[in-house]
Amino acid sequence: MQLIQQMINGITIGAFYSLVALGYTMVYGVLKLINFAHGDLFMWGAYIGLTGLNIVLALIAQTTPWAILPAIILVMVTVALVGVLVERVAYRPLRTAGRLAPVISALGVAFILESLARNIYGASYKTYPAGVALTGGTTLGGARVSVMQIVVLVVSFLLMGALYLFVQRTRIGTAMRAVALDHDTSRLMGIDVNRIIGVVFLIGPGLGGVAGMIVALYYGSFDFTLGWVFGLKAFIAAIMGGIGNIPGAMLGGMILGIIETLGSGYLSPQWKDVIAYVILILILIFRPTGLLGERVAEKL
Amino acid sequence: MFKKIALLFLVLVLTLPLFTGCQKDAGTIKIGLEGPMTGDYAYEGQGFEKAVKLLVDQTNEAGGINGRQVELIIEDDAGDPTQAALVAQRLVDAGVVAVIGAYNSTATEPASEIYNEAGLLHITPSSTATRLTEKGFQRFFRVCFLDDRQGLFAATFAKDVLGVQNLGILHDNSTYAQGLAEHTKRYAEEMGMNVAFYDAINPDDQDFTPILTNIGAAGLDAIYFTGYHAQGGLLLKQTGDLGLDLNWVMGNACNNPELIQIGGLENAVGTYITTEPLPKDVDYPEARQFVADFQEAYDMMPDSVWWMMAAEAFNVIRYVMEETNSTDSKVMAEFLHNEAKDINGITGPILGWDEKGDRLGTIHLAYIINEAGELIVNPQQP
């Protein structure tokens, strides 16, 4: 019984890691850049969601879970625009400056976003208004599943599935995959590389922002350091699954969430990181490109 | 020419404090207050200032101590150890005879070295780290209680009031929380309870469902969490989400309204908290008088127990000066170690101090969160 409960706990955490990992993987795919600011864009999603919810609740003068919908759209749009702005200001001017400069620039953006959140919203814990998140749940075979868990899982898989189809089936998605392979050749094929990168920075942070709001709704409280832990874990999940690969990010997030949960459930929370990272190192030793990462031929 | 005038002006400005220093009335008793007036703990430091100032003004209106007026000198350490050492030296240079401070143990530690060198009477209102009194400083005292006392109280409460057989203890690996957890475990085992679960969470995490699932399966009568309120709130909320029925007891770092906000009222109701009494609940004439005076002077309640402790520190200094009719720190320290007992304190009766300078006895109370989300004194106390 306990194992089933722990698997449910683990899949929920894993779904959050997967959603955030998508943002790292998409940006890495097209730019070969580790966007360290992604975790903080995710954290901003939680804050903007809080502001949005408060506005919506004040406007409609009643408390209903439907207030989440307009707030989530606000989050998606705002964080996506911030993401595009970050790319325009901090990454694009450095695109020809080697690999180290953009990474440091990304770290700088991460610190700026974190400090801004602390200075604007304050350092104390914020809680989402009561009565918005769905309550209740059911007991299945001795294991407890809450309504919020089901919502989180359904929304996460829908978002991930939609993203996968978008990248595989649409013209822009095809262009993205082309840009991921080679910027110059894509340009020769008539693809506007800057525009495609712009689209990636709309979708990645947009999804990250939504993930931030879902995490905040699910746990009910957060502070400005939220992006740090989730960002780091999701980044590791992306590497584990094979960075640059969208199904890999989902798989990596799920595996990391489940390993961590079983580690803290059957040993102790003090040991779960040791277990999780020993497994990560083993995966990387045997599959250096991650679980689903393909071995890309070296460019000459 | 301009340079010479500027230089002369500079010399004048720099030497001005020397002249003003000479003009001070030699008859006043100078007492220092060191605390975090700015920075993360500014809330507590500013409360220290309000509480101590109130008593100083009252004392001076009533004729001072032994016929001498009290002059309070306030220094801001921002809770920072480096700045604490700097301002401690300034207080020593200013010629204080006794010091109240600092708030956090990290700042109190370096400052206490300097006060000890200078031979000053030093009383901390709120620094509970055990090692502060392990250094053999003869003139250093606390008016707060060590975490060890709270551990004893929590174990007694669990056994006598809750009738616990199987106790669980959860901490977060911070110095404070781990210390409290270890003390509680030791006392619980001495009292014959079975500590059936003992583990720590990582306070950076957001999701504690894995360990809660384990706690739920451990068959505990009660679980004592010794960490801070942000994690305490999440633990309460996720206990509810998992549909578990756990009997939570939490330590004094969870004594914060945010605990209920984060946990959600429906999950927080019935949670016990072991803590020093809140100012509103200290039922001694001295305490009621202090709270009333504080409200009149500042139009607010003294919200933090540590403000009361700061007032208590001044109260003790006044008491010992009057009893010994002296401001000599050696005389005062010896009196506090050996003769002081049964003082009518603002925070309850003071039984005295042990040879290390730690306050004897305990004043902890068990609180419970009621249906309205208020922290009320639990009807049954050990």
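# Reading a two-chain model

Me: In which helix of chain A is A:L232 found?

Reply: Helices (H or I, at least four residues) and strands (E, at least two) are DSSP runs, numbered from the N terminus. A:L232 is found in helix α9 of chain A, which covers residues 226–241. The model is predicted: local features need pLDDT of at least 70 and side-chain atom pairs count only at pLDDT 80 or more, while totals for chains, interfaces and linings use all residues. Residues are numbered from 1 along each chain as its sequence is written, and chains are lettered from A and ligands numbered from 1 in the order in which they are written.

Me: Does A:L232 count as buried, exposed or partly exposed, and why?

Reply: A residue is buried if 20 or more other C-beta atoms lie within 10 Å of its own, exposed if 12 or fewer, and partly exposed in between, with C-beta atoms placed from the backbone. A:L232 counts as partly exposed because it has 14 C-beta neighbours inside 10 Å. In sequence, A:L232 and A:F36 are 196 residues apart, yet their C-alpha atoms are 8.6 Å apart in space.

Me: Why does A:V210 count as buried, and which residues does it touch?

Reply: A:V210 belongs to helix α8 of chain A, residues 193–219. It counts as buried because 23 C-beta neighbours lie inside 10 Å. Two residues are in contact if their C-beta atoms, placed from the backbone, lie within 7 Å. Leaving aside residues up to four places away in sequence, A:V210 touches A:G45, A:I72, A:V75 and A:M76. Its C-alpha atom is also separated by 9.4 Å from that of A:V20, 190 residues apart along the chain.

Me: How does one read chain A as a whole, and what is its radius of gyration?

Reply: The radius of gyration is taken over C-alpha atoms, and the globule rule is 2.2 Å times the number of residues to the power 0.38. Chain A has 11 helices and four strands. Its radius of gyration is 19 Å, close to the 19 Å that the rule gives for 300 residues, so chain A is as compact as a globular protein of that length. Along the principal axes, its C-alpha atoms fill a box of roughly 55 × 50 × 35 Å. Of the 300 residues in chain A, 49% are buried.

Me: What are the corresponding values for chain B?

Reply: Chain B has 13 helices and 14 strands. A compact globule of 382 residues would have a radius of gyration near 21 Å, and chain B has 23 Å, which agrees. Its C-alpha atoms fill a box of roughly 80 × 55 × 40 Å along the principal axes, and 48% of its 382 residues are buried.

Me: In what order do the strands of the five-stranded open sheet of chain B stand?

Reply: Strands of a sheet pair through backbone hydrogen bonds, either parallel or antiparallel. Here two strands pair if DSSP finds at least two bridges between them. In this sheet the order is β2-β1-β3-β4-β5 (chain B), and the pairing is parallel. β2 (70–76) and β5 (140–142) of chain B stand at the edges, each with a single partner strand, so one side of each is left without a neighbour in the sheet. Within the sheet, β1 (residues 29–35) and β3 (residues 98–100) of chain B pair over three bridges. One bridge partner in β3(B) is B:V99, which pairs with B:G32.

Me: Which strands form the seven-stranded open sheet of chain B, and which of them does α6(B) touch?

Reply: The order is β7-β6-β8-β9-β10-β13-β14 (chain B), with mixed pairing. Six bridges join β6(B) to β7(B), which run parallel, and B:L167 stands opposite B:V195 in β7(B). For angles, axes are lines fitted to C-alpha atoms, for helices over the stretch in contact, and values run from 0 to 180 degrees between N-to-C directions. α6(B) packs on the sheet, touching β6, β7 and β8 of chain B, and its direction makes about 165° with that of β6(B).

Me: Which residues of α6(B) are buried?

Reply: They are B:A177, B:G179, B:L180, B:A181, B:H183, B:T184 and B:A188. These buried residues pack against α5 (147–161), β6 (166–171), β7 (194–200) and β8 (222–225) of chain B. After α6(B) comes B:G192, whose phi is positive, near 90°.

Me: How many residues does each chain bring to the contact between chains A and B?

Reply: Chain A gives 22 residues and chain B gives 24 residues. On the side of chain A that touches chain B, the largest share, five residues, comes from α1(A).
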